[in-house]
Structures are given as structure tokens and as C-alpha cells.
Amino acid sequence: MENEKQEFTITVYTENQVGLLNRIAIIFSRRKINVESLNTSPSEVPGIHRFTIVVVESKEVVIKVVRQIEKQVEVLKAYYNTNDEIVWQELALYKVLSDEITEKVKVERLLREFGARAVAIRKDFIVFETTGHREETNKLMEALAPFGLVEFVRSARVAIIKESAGFHEKLKDFEKREPGDELIENEYLGKREAVFTM
Amino acid sequence: MDTKQLTGSQAVLEACIAEGVDTIFGYPGGAIMPIYDALYDYKEKLQHVLVRHEQGGIHAGQGYARTSGKVGVVFATSGPGATNLVTGLADAMIDSTPLVCITGQVFAHLLGTDAFQETDIINITMPVTKWNYQITDATEIPHILAKAFYLARSGRPGPVLIDISKNAQFQSFDYEGYTVCNHVRSYRPKPIIRKEYIDQAVQLINQAKKPLVIFGQGVILGKAEKEFKKFIEKSGMPAAWTILGLSALPTDHPQNVGMLGMHGNYGPNVLTNDCDVLIAVGMRFDDRVTGRLDKYAKQAKIIHLDIDPSEIDKNVLAHVGVWGDCKETLPLLTMGIEQKDRSAWLNVFAGYAKEEYEQCIKDEMHPSSEAMSMAEVIHAVNEITKGDAIIVTDVGQHQMVTCRYAKFNQTRSNVTSGGLGTMGFALPAAIGAKFGALDRTVIAVIGDGGIQMTLQEFGTIMQTGIEVKVMILNNEFLGMVRQWQQLFMEKRYSFVDIESPDYVMLANSYKIAAAKVSQREELEAAVAKMLAHKGSYVLEVMVGKENNVFPMVPQGCSVSEIRLK
């Protein structure tokens, strides 16, 4: 189980500094781990950035990588979660020719079915938007392909950790010189009771 | 607060003074000229050692840091000056050596234009620095340098590189004084000690019948030598070291059972796979120490003390991971553990030591062959220094032999390139080691391959007049590679036959006294003469051409499959 590869979402809180993206990226590339998706943007806390990184790896490798990330000077905290521990979305944009859309009723029905929203309507083309999991946005892309899908783009994954209480409280702890207990998460060691017998 | 106008360059030097820096190793060049110009007025307060190559400068900085326990400071210019630091940065990163390297950079407005001597040193050095930062505005200099020194020396130490564009070096600004940094929001130098893991470790140690302590450089970096000694003495446990842990515990301590790993001692390697509790202190289970991982100490409960949480469970899963600074965790363990007589268990090590002596060491120390062995050379050094000298080694056979046979009484006496295995390290590192410990004898032991990688630093010795004893153990081969080719590649000696210049003439041309010995009868006197000589000295010793280092754990084998011959 520990060694089986699966999708993990790694969430990293960092200082906002030039070059940090590279410092984090090389932790993956050095170990020849492919990054499936990467998103970075300011978090709910001013001055703190949040990275959301998706990799397909074993838990054992992910734990080691997360510890290496957390070791970087400008990283405040890194978490890793399996898909059932998070809620996530990706955003996709689809550009289709207006003629196709206006003339073919079937297309309109497709858009309704997928809950797409028109974000730009022009004489020559229309841009639609959907959000969802990869499979969902893929389905619409496949369905639109026969009707002249001109351009398609998808964002990286953004994810909310179900159990997380956000970063405001944690940050206060970081600003103190002596960190509180909860900062030193030692969850792996906590399971040692099981092996701790002579 | 009073403010005064300073240039960025002056602010860099003020920071060095405020941090207690006394020696800087460096090499000037176009993009760092403003700092060197300012240095001209700071000559009284800051000693600058002009090296012959930036790699020599950074290795000297490493040697200085290792013997003095302070942060080594290195200056280099942009472009090639900066890229020449990369090997030293990688070496310092893997061996946790505190360094602050300051590189010049082209003017900020030229960044990204492929300007003369411009290189993207920040991105080049990212994987080999604990932290790096580019300054393009002089007002950032005081607090960024304060952060650099703090990060370099705190927690698990490491190299920090600060790249300063030329305009920032020239720029005048209102200097508000220097404040030492002791907190960075996103940085935790040491994890909090958890009492439950201390208790679990104590319980394991107290129940153990055959505990073995293995220690690394963490004991030295944590300045915890005394705490470590108390810990092993109270519980009577045998202790074995990694090559970077060497000298943290005196070599003749009755519980010091020797060296771990590929060319380590027989007992500690075999008994790693026989002990019931393995207590690792400030070491990182390098593959040269563990041999084949899936056959490493599988029978033992493992307790791992480390300041760097990412080291715990990285290579070897710990049953109890004691996170924290060993200067704090060791006394907590000592408090809880019971006094025990473990002489029977220590005798098992003694038995293995005897067997190793009979089958391996005896012939190394007193060879029947005409050619001298490296071990007898080191033995001759021990006879005179009695373990009081600092010994700096390069990489290869001579390094393994020196670590195996050299005696040490004091900590911070063994300087070697461990993790990276950088040939060419020893000569410049020895220069730095001496600057870091002026009252001690520094002996560099170097092979005929390694010396030829950085022998330009004889020029630094000449010009500074620093006293370094250089012993070149010449076997006319790249010995370690040749040994592997002999043992594992059917003696296909592919490009390991290496010629040397006349080292005596070479040293003399640098105004360094020198001698060469090829006969056993001359060895003792030659070593004595070298050590008695006032000033630097080069002694070339011709040793057996095809001698091998044993014992040896062949690659891919378990530590208990160590070969004595």
C-alpha cells in the first residue's frame, strides 16, 4: 500500500520570494518525479503564497519529498493528501466558432449538459468555461472536438484540504520564536507504538 | 539612531566584522572590484587570503570552518569566479559545512543580457546551497547578510551564497547599523524535542543486551562531544564512527570500537548486523556506511538522533526518531539510562579487532614487502604527533588508510571530503584548516592524483607563509579506482596510471622546503624532519604501487560480508 503509486496533492505555504518556484521544482526533478500539475498564487494570508502540486508517486516517496520541501528556508509548511482528503477543481476554457454554435442545436445541448458558461461572445467565436475534475473537463473537450474546437486550455489543480483550518492561526505560531507543538507534526512517528516492543 | 552613509561594499565588510569574521578567502575580479576596493581600507580588521583559484578559496573556507567551528567566508567574482565555487558548495552542502560565499554580479541593468562575465549563479547553485539570494539594492545588504550568517551556522549548517550586483556594491545608502539575525519566520533550525521519544529511546537502551552507538559529524557540529562521551560512558556502550564523526571521540577511548563502512573496521561492520539496538547519533546512513540497505541491521531496533527531520527514515527506518539538537537530546538520554557494565559485549568487538589485526592490520603496519605501505606512513606520523595534529585528507586510498590508522585526541582534528568525495580538496582545505587553528599542527595527507588537481595552492602557501605539512603518498596510480579495476574489472587498468612532476623541485620553486623518501629506513627521520621544520614542508613518500585498502565491503554487499583480504 505504502509503495503503490497514486495521485497525491502537495500543498506548500511559502514566503513570496523570487526563485522559490525553482527551489521547489528541483526537489522533484532531482528525483526524476514528474509534476502532473502545479498552481501557485497568494494564499488567504497576505504575503504567504500557496503552491498546489500534483504528483503520482508512492506514499513513501511523497513523505520524503515533502520533508525536503519543508526543509527549504522559505517554506513555512508542506502537506500531502490523497484525493479523498481534498476537494479540488480545475478550470477549462474552450474556444469554438460562433457559426457552429449558433447553427447546431446539439452543441447547445452539450453545453447545457456540462454546465458550461459563456465568458466571451463574438461574431466569429465564443469562449466557454467549465470547472471540474480532469475527467469532466475532458469529456466536454472530446464532445466539442467534432464541432470545431479551435482552442482549449486547462488550469492546474487547486485543492482545499477537508481537515484544514486554514493558515491564519499557524502563521502566528511561526512568527513566535518558539513554535507551538502542532507545528512539529510527527505523524509518522506517532505510529511507532506498534513496532515498539522488545 | 545615528545613520551614516556607507556604500554597499562597506556594508558587506561591516557585516563580516560584526559577525566576528577574521579571515576571508577570495579572488578578485571585475564584478567584485568595489568590495575589494573597500577591503583596502579594512586591511587592519579583516585578513584576506589571496588563493590561486576560487575552488581553492572555497575549500580553504571549508577547512577553516571545520577546524574553527566558525562560518567560513569566501569572496569571488561573477561568471567563472562564481562557477568555480560550485564544487566546494556541493561539498559543503553534503558535509554540512557553514559557509557564506559572496559573489560579485554584473550591474543590475545588465542582468539577463549575456553581459561580460554574467552567469546565473543563483540558479546554478540552488541545489547546492542551503540558501542563496541576489542583492541588487545596497539597502538590503545588512539584513540579508545577517540572515546569511544565521542560516549558514544554525540548525544543520550549510553553505549560503549571496550574489551582489556591481551597482549595489557602489551604491551609497543610509546605514543604520548591523543587527544580528536570530529568527527567520519560515525557518526552524531545530525541531522541538518530544519527551515520549526520549522515553522510548531510554527504555530501548536500558533493555538492550547488545547496543551499538554509531556517530557522525552531528556530534561535532552540535558541539556535543562532552555530552556524547558522558552518554556512552554511563551506559558502557561501544561506539563506532563515520569518517566525518572521526575525532569527536578520542581514538584511544576504550569504548571507541572504530570506523564504520566500506573500509571501516571489522567488528563494527559485522556487529552492526548482530546488535539488538542501534543508536545513530548525528549521522545520515550514507550508502558507504550501510552497504546493502535491505540487509542492514534488520535484527536491530533503531534509534536515530538528528537535527534534520528529513534525515529520519530517509534511508533507514527508525523505530524511535529523536528529533532535535544532540547537545540537548543526549543529556536527556543520559539522565534516563542505567549504568551498565557491558564489558562482555565490548570483548566481542575486541575479538574482531584482534582478528582484523592478525589478518590485515599487522601486515599493513609492518609489511614484509620492500615497498612501503600507507599505513606505516600514518603510523610514523602518529608516533610523533601522538594524536595531537589536525589531519586533512583528500579522497581515495590514502584517505581511507589515514582515517583508519590516524590517532586523534581532540575534536575538530579530522578534515576530509566525505559525502562528495572531492579530489583536490586537501591542499586548500589544509591551508584554511591552519588559519582556523593557528596554534595547531596541520598535516595534509594527499595522493598523487589529488595533489595534481589543486597544486596551484602552493602559491597561496608561499605568499601567506602559512605553515602546512603536506605529505604526498605517491603510488603512481589513481589507487582507489585501480583497486576496483583489479577486484571487479579483471585488472583492466583503464587510465589510472598517472605520472607526477618532481614534487621536490615543484615545492622548492614555490619556496617550500621539500624532501622525498622511497626507503623504509628513511621514513621515520623524514617525518620527524618535516614536523620539526619551521614553516611549510612537502614530503613525498613513495608507497607500494598496487597495495589495496582492506577490509572492504564490496558494493552491493551487506556490511557483515566485509572482506579482510
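F495(B) lies in the loop between α20 (479-488) and α21 (503-509) of chain B; helices (H or I, at least four residues) and strands (E, at least two) are DSSP runs, numbered from the N terminus. The model is predicted: local features need pLDDT of at least 70, side-chain atom pairs count only at pLDDT 80 or more, and totals for chains, interfaces and linings use all residues. Residues are numbered from 1 along each chain as its sequence is written, while chains are lettered from A and ligands numbered from 1 in the order in which they are written.

Phi of F495(B) is near 55 degrees, a positive value in a residue other than glycine. F495(B) counts as exposed because it has 9 C-beta neighbours inside 10 Å. K511(B) sits in the loop between α21 and β19 of chain B. With 13 C-beta neighbours inside 10 Å, K511(B) counts as partly exposed. A cis peptide bond, with omega of about 0 degrees, joins F550(B) and P551(B). P551(B) is found in the segment after β20 of chain B. Most residues other than glycine have a negative phi, and most peptide bonds are trans.

Helix α22 of chain B covers residues 520-532, 13 residues in total. From its first C-alpha to its last, α22(B) reaches 19 Å, close to the 18 Å expected at 1.5 Å a residue. That expected span is 1.5 Å times one less than the number of residues. The buried residues of α22(B) are A526(B), V527(B) and M530(B). They cover an arc of only 100 degrees around the axis, which puts them on the same side of α22(B). The arc is that of the directions from the helix axis to the C-beta atoms. An α-helix has 3.6 residues a turn, so residues three or four places apart point the same way. On the other side of α22(B), E521(B), A525(B) and A532(B) are exposed. The cover over the buried residues of α22(B) includes α16 (374-385), β18 (469-474), β19 (513-517) and β20 (537-542) of chain B. Two residues are in contact if their C-beta atoms, placed from the backbone, lie within 7 Å.

Chain B as a whole holds 22 helices and 20 strands. The radius of gyration of chain B is 24 Å, close to the 24 Å that the globule rule gives for 565 residues, so chain B is as compact as a globular protein of that length. The radius is taken over C-alpha atoms, and the globule rule is 2.2 Å times the number of residues to the power 0.38. Along its principal axes the C-alpha trace of chain B spans about 70 × 60 × 40 Å. Buried residues make up 57% of the 565 residues in chain B. Among contacts in chain B between residues at least 6 apart in sequence, 78% join residues at least 24 apart.

Chain B is assigned domain 1 (4-175), domain 2 (195-349) and domain 3 (372-542). These bounds come from an automatic or database domain assignment. The centres of domain 2 and domain 3 of chain B, taken over C-alpha atoms, are 30 Å apart. Their contact takes 13 residues from domain 2 of chain B and 15 residues from domain 3 of chain B.

The largest nonpolar core has 181 residues, of which V100(B), I162(B), I303(B) and A444(B) touch the most other members. A nonpolar core is a set of buried Ala, Val, Leu, Ile, Met, Phe, Trp, Tyr and Cys residues joined through C-beta atoms within 7 Å. Helix α7 (residues 141-153) of chain B gives the largest share of this core, 8 residues. Apart from this core lies another, of 20 residues, among them V12(A), I24(A), I48(A) and V54(A).

Chain A comes to 7 helices and 9 strands. Of its 198 residues, 26% count as buried. Its domain assignment gives domain 1 (6-86 + 159-185) and domain 2 (87-154). The centres of domain 1 and domain 2 of chain A, taken over C-alpha atoms, are separated by 33 Å.

How values were computed: Buried ≥ 20, exposed ≤ 12 C-beta atoms within 10 Å, placed from the backbone.
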